[in-house]
Structure formats: structure tokens, C-alpha cells
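Subject: Structure handover

Hello,

Here is the structure you will be taking over. Please open it first, then read the notes below.

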Amino acid sequence: MILSVEHTLHYKYSQPVFLTPHYIYLSPKASPHQEVSSFELEINPVANILYKNIDVEGNAQYVAYINSSCEELTFKATFEIESASTNPYHFIYFPFSAEKLPFNYPEKEALLLHPYLNLTGVTTLIHQFARQIAAEANWKTTDFLARISKYIKQSFVYEKRLEGPANAAEKTLLNRKGTCRDYAVLMIATCKALGIAARFVSGYCYGSLLQAHELHAWVEVYLPGAGWRGFDPTEGKIVDENYITLASSAQPELINPITGGFRGTAKSQLNANVNIKRL
């Protein structure tokens with residue numbers, strides 16, 4: 001299928017401001033099952049300097065310098081992507097022992113996965129939660145991942161919060177509510193508690209009732225023999241051809257769609273909208 005995406009972010013300031021450099025993660029990632037056929041980024045006011053980088057984790061990143069003062073700032077990304085149907089469970093663990101928890105990564109992979117295995121945010125309560133879910137899944141790796149996703153979807157109250165960082169994993173677990181960002185951070189910590197490398201993903205989910213017109217977040221875990229595989233605790237399922245990735249990171253705050261600031265004492269207001277169509 002071919003998906004058309006339009007994502008607009010509009011900032012309004014209470015008085016004219018001068019902007020600092022802005023870092024933009026609105027460029028879709030190609031994958032073995034997805035090919036980007038077109039992409040356009042519009043910025044108003046027009047950037048004096050705009051260039052594209054590959055960041056430290058391999059994500060496409062635009063950097064914009066706008067030298068004039070402004071009271072409004074708009075980013076609009078428009079693209080089409082061809083997404084092939086695939087079975088996300090079609091993989092084999094290697095070594096085969098990774099089918100069961102806990103497992104060890106091959107030494108060379110473990111060195112590269114270090115940023116995605118650190119135990120930041122993994123508390124005693126998170127450890128207990130992870131072991132409880134693992135026991136219910138008979139310590140089977142795939143069942144554990146699927147069960148976490150479904151548990152959060154079914155047992156937590158979804159909230160909308162356009163701005164601000166994700167809550168700590170333990171806070172979300174105790175409150176039993178949160179945004180897609182909060183759910184992703186909780187699932188990442190739960191996976192790390194049992195030694196599974198995990199990272200935060202920003203993108204879109206076509207067909208989602210909760211995220212129909214918003215940016216979405218989910219989790220990718222690295223499985224020996226299967227590579228990075230996505231699981232979505234907001235939708236309660238494994239990631240399939242309906243998902244479009246913008247960026248992924250060990251640190252969620254690094255891949256906000258727009259990161260930047262302004263000089264002065266003005267107050268800012270953000271309005272954002274996502275429109276996804278199947279062509």
C-alpha cells in the first residue's frame with residue numbers, strides 16, 4: 001500500500017523572538033519493507049541555512065538556522081511511502097537459546113548494544129513487574145514482549161499530552177495511565193530489566209484510533225537473529241506495515257520532531273496535526 005503523510009507543527013509566540021538552531025526529525029526512515037517515494041519539508045519563515053545530517057544513531061536529521069525575528073514558526077513535512085505487507089513474526093532466533101529468557105547477546109553485538117542495555121529507570125518495582133510478566137509468558141521471549149504490549153494496552157488509561165518529556169517508567173506503572181511516550185518508556189525499562197536491548201521510536205501509526213492525527217511512539221527491541229523488532233504498548237501489538245518510523249534512540253528526548261528554542265521572555269504555543277491517507 002502507499003501511504004501519504006502530512007505533518008504540520010505551528011508555533012505561535014506572544015511577542016517577536018529570535019530563534020536558536022532547530023533540529024528536525026520529520027524525515028521517514030526507509031526499511032526492508034518500506035520505500036520513500038517523495039519527501040518535502042517547508043519551513044516558514046524560510047530558513048537561511050538548512051542542511052541534512054545523519055545523527056549519532058543513524059537517523060536523518062535536518063538542521064535549520066533562521067536569522068530573522070518572528071512571531072510564528074511553521075514546519076510542514078509531506079511525503080509518500082510504499083509499505084509492503086509482511087509478517088512481523090517471521091524470524092528465527094539465533095542462537096536458538098534466545099527464544100527463552102534470560103539470554104546473552106553475542107559479545108560483539110553486546111558491545112554495540114551497550115546504550116540500549118543500561119539500567120537507567122529500572123527500579124526494584126520495574127524488575128518485579130518484568131519478572132511477573134515473564135513468568136506468565138513461561139519465560140518465552142516473544143510471548144513476553146507481546147504480553148507486555150497487551151497488558152499496558154488493556155490495563156492502563158491512555159492520556160493525551162502534546163508537549164513535555166515522557167514520565168519515568170515507575171511513575172507510569174504506579175499511576176496506570178500515560179501517553180504513548182510514557183508507555184514506550186515503561187516497556188523499554190521492563191525489557192532492560194531482563195537484559196533485552198530496547199530503544200524509543202518516534203513515527204506514525206496508520207489506522208490508529210488513539211493516534212489518528214498525532215505523532216506516535218513505540219518500542220524496538222534487538223533480538224539475536226531477528227534484529228530490531230517493533231512492539232507497540234499503546235496499540236497492544238507487534239509493529240507491522242501500518243507503522244512509519246521517523247527516528248529511534250536510546251534517549252527519547254533526543255528525537256523530538258522539533259528541538260530548538262528562542263531568545264527572550266515570550267510565551268509559546270504549539271499546535272500540531274498529522275494527516276495520513278492510504279492512496
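A residue counts as buried under 20% relative accessible area, as exposed over 50%, and as partly exposed in between. Arginine 176 has 32% relative accessibility, so it is partly exposed. Keep in mind throughout that this is a predicted model.

Most residues other than glycine have a negative phi, and most peptide bonds are trans.

Arginine 176 sits in the loop between helix 4 and strand 8 (177-178).

At a relative accessible area of 25%, tryptophan 139 is partly exposed.

Where are the prolines? Proline 95 is in the loop between strand 6 and helix 1 (107-112). Proline 102 lies in the loop between strand 6 and helix 1 as well.

**Strand 1 and its partners**

Strands of a sheet pair through backbone hydrogen bonds, either parallel or antiparallel. Strand 1 covers residues 2-19 and pairs with strand 6 (residues 70-83) in the antiparallel sense, over 12 bridges. Tyrosine 11 stands opposite leucine 73 of strand 6.

Strand 1 also runs antiparallel to strand 16 (residues 268-278), with 11 bridges joining them. Here tyrosine 13 has serine 268 as its bridge partner.

Strand 15 (residues 262-263) is another antiparallel partner of strand 1, over 2 bridges.

**Cysteines**

How many disulfides does the structure hold? It holds 0. Cysteine 205 is in no disulfide, and the nearest cysteine sulfur, that of cysteine 180, is 10 Å away. A disulfide needs the two sulfur atoms within 2.5 Å. Cysteine 205 is buried, with a relative accessible area of 3%. Cysteine 70 is buried too, at 7%.

Is serine 149 buried or exposed? Its relative accessibility is 0%, so it counts as buried. Serine 149 belongs to helix 3 (residues 141-155). Beyond its neighbours within four places in sequence, serine 149 is in contact with Met187, Phe231, Asp232, Pro233, Gly236 and Lys237.

Lysine 160 has 61% relative accessibility, so it counts as exposed. You will find lysine 160 in the loop between strand 7 (157-158) and helix 4 (169-175). Leaving out residues up to four places away in sequence, lysine 160 touches Thr179, Leu210 and Glu214. Glycine 178 is 18 residues from lysine 160 in sequence, yet the two are 7.7 Å apart in space, C-alpha to C-alpha.

**The second largest pocket**

The second largest pocket has a volume of about 560 Å³. It is lined by 24 residues. Which of them are closest to its centre? They are Ser31, Pro32, His33, Glu220 and Trp228.

Three strands each supply at least two residues of this lining: strand 10 (216-223), strand 11 (227-232) and strand 13 (243-249). The lining divides into 9 nonpolar, 9 polar and 6 charged residues.

That is the handover.

Best wishes

Key: Residues are numbered from 1 along each chain as its sequence is written. This is a predicted model: local features need pLDDT of at least 70, side-chain atom pairs count only at pLDDT 80 or more; totals for chains, interfaces and linings use all residues. Side-chain values use heavy atoms; hydrogens and water are left out. Buried means under 20% relative accessible area, exposed over 50%, partly exposed in between (1.4 Å probe, protein chains only). On a 1 Å grid over the protein atoms alone, a cavity is a set of points where a 1.4 Å probe fits but cannot get out, and a pocket is an open set with protein on both sides within 12 Å along at least five of seven lines; lining residues have an atom within 4 Å of a point. Grid points are joined across faces, edges and corners, and a volume is the space filled by probe spheres set on the points. Helices (H or I, at least four residues) and strands (E, at least two) are DSSP runs, numbered from the N terminus. Ala, Val, Leu, Ile, Met, Phe, Trp, Tyr, Cys and Pro count as nonpolar, Asp, Glu, Lys and Arg as charged, and the others, Gly among them, as polar. Contact means heavy atoms within 4.5 Å. Two strands pair if DSSP finds at least two bridges between them.
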